[in-house]
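Please look through the sequence and the model below before reading on.

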Amino acid sequence: MNGKFITIEGGEGVGKSSNIAHIKCVIEKRGIPVIVTREPGGTLIGEKIRTLLIDPENLNLHANTELLLMFAARTQHLEEKIIPHLNKGSWVICDRFTDATYAYQGGGRGLDMHKISILEQWVHANIQPDMTLLLDLDVATGLSRAKKRSAADRFEQENIEFFNKVRNTYLSLAQQHSQRYRIIDASPQMGDVQKSIEHAIEGLF
Ligand code: TMP
């Protein structure tokens, strides 16, 4: 594959969207083609699956169904969008990827990590992000930011313990995969966070 695959991870309200817009600008300034996409979603079919997943009315959605839907959307996303763009030489910035499944379904919901790794092997055995930026923020601060932004979706209705488990899982993933992970402190002012991100991605160029 010719392009670079960058994933952005973190809990709720950590500032993924505005920082992703900044990363896109930095890459474009170098004259490199780049697309921004997201999970769950990124394709027409994936966005339909996303609607099911985040709808707060779907209270009965079983945790295994949730897990399988994440990977169903991801399969479509990889085949229809991510792989073709990387093959063409475009860089791909993805707002969440499989690490979010380890953090939310594995850490948050307590599903078996081994089952997740079997699905990961099945769906994308040969593809891993070149770099994963983990925007790390105190859970309470993130949740209050997210609440100001919009009505809570099905995930945002979870309690603080759930999100503490999500955060701790992300931090342990960052340790396990220290080669591709960069932890970005998301608590300072936006300009400072942007500088840390610029520094972190410098090695990719
Ligand atoms: P977003 O609002 O950050 O775009 O993501 C929607 C929600 O989906 C977010 O609360 C995290 C959750 N999610 C998972 O639980 N597992 C996954 O694999 C992905 C990609 C997202």
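## The ligand and its shell

Of the 13 residues around the ligand, those that come nearest are E12, K16, R96, T101 and Q105, where a residue is near a molecule if one of its heavy atoms lies within 4 Å of it. This is a predicted model, in which local features need pLDDT of at least 70 and side-chain atom pairs count only at pLDDT 80 or more, while totals for chains, interfaces and linings use all residues. Residues are numbered from 1 along each chain as its sequence is written, and side-chain values use heavy atoms, with hydrogens and water left out.

A polar side-chain atom of E12 lies 2.8 Å from an oxygen atom of the ligand, and an N or O atom in the side chain of K16 is 3.0 Å from an oxygen atom of the ligand. For Q105, a polar side-chain atom is found 2.8 Å from a nitrogen atom of the ligand. Taken alone the ligand exposes 470 Å², and the protein buries 94% of that, with accessible areas coming from the Shrake-Rupley method with a 1.4 Å probe and, for residues, only the protein chains shown counting as cover.

## Helix α4

Both α3 (63–88) and α4 (98–108) supply at least two residues each to the shell around the ligand, and α4 gives the most, with four residues. Helices (H or I, at least four residues) and strands (E, at least two) are DSSP runs, numbered from the N terminus.

Eleven of the eleven residues of α4 are buried, a word that stands for under 20% relative accessible area, against over 50% for exposed and partly exposed in between (1.4 Å probe, protein chains only). Among the buried residues of α4 are T101, Y102 and Q105, and the buried residues of this helix pack against β1 (5–10), α3, α5 (113–124), β4 (131–136), α7 (160–176) and β5 (181–185). After α4 comes G110, whose phi is positive, near 80°.

## S90, in a loop

S90 has its place in the loop between α3 and β3 (91–95), and it counts as buried because its relative accessible area is 6%. Leaving aside neighbours within four places in sequence, S90 is in contact (heavy atoms within 4.5 Å) with G3, K4, P33, V34, I35 and H85.

The side chain of S90 also reaches the backbone oxygen of P33 at 3.4 Å. A polar contact is a pair of N or O atoms within 3.5 Å; within protein, one must be able to donate a hydrogen and the other to accept it, and residues adjacent in sequence count only if both atoms are side-chain atoms.

T37 lies in strand β2 (residues 34–38) and is counted as buried because its relative accessibility is 4%. Apart from neighbours within four places in sequence, T37 is in contact with G42, H77, K81, V92, I93, C94 and D95, and the side chain of T37 makes a polar contact with the side chain of H77 (2.7 Å). T37 and I82 are 45 residues apart in sequence, and their C-alpha atoms are 8.6 Å apart in space.

M131 is found in strand β4, and it counts as buried because its relative accessibility is 4%. Beyond neighbours within four places in sequence, the contacts of M131 are with F5, I6, T7, R180, R182, A200, I201 and L204. The C-alpha atoms of M131 and I35 are separated by 15 Å, with the two residues 96 residues apart along the chain.
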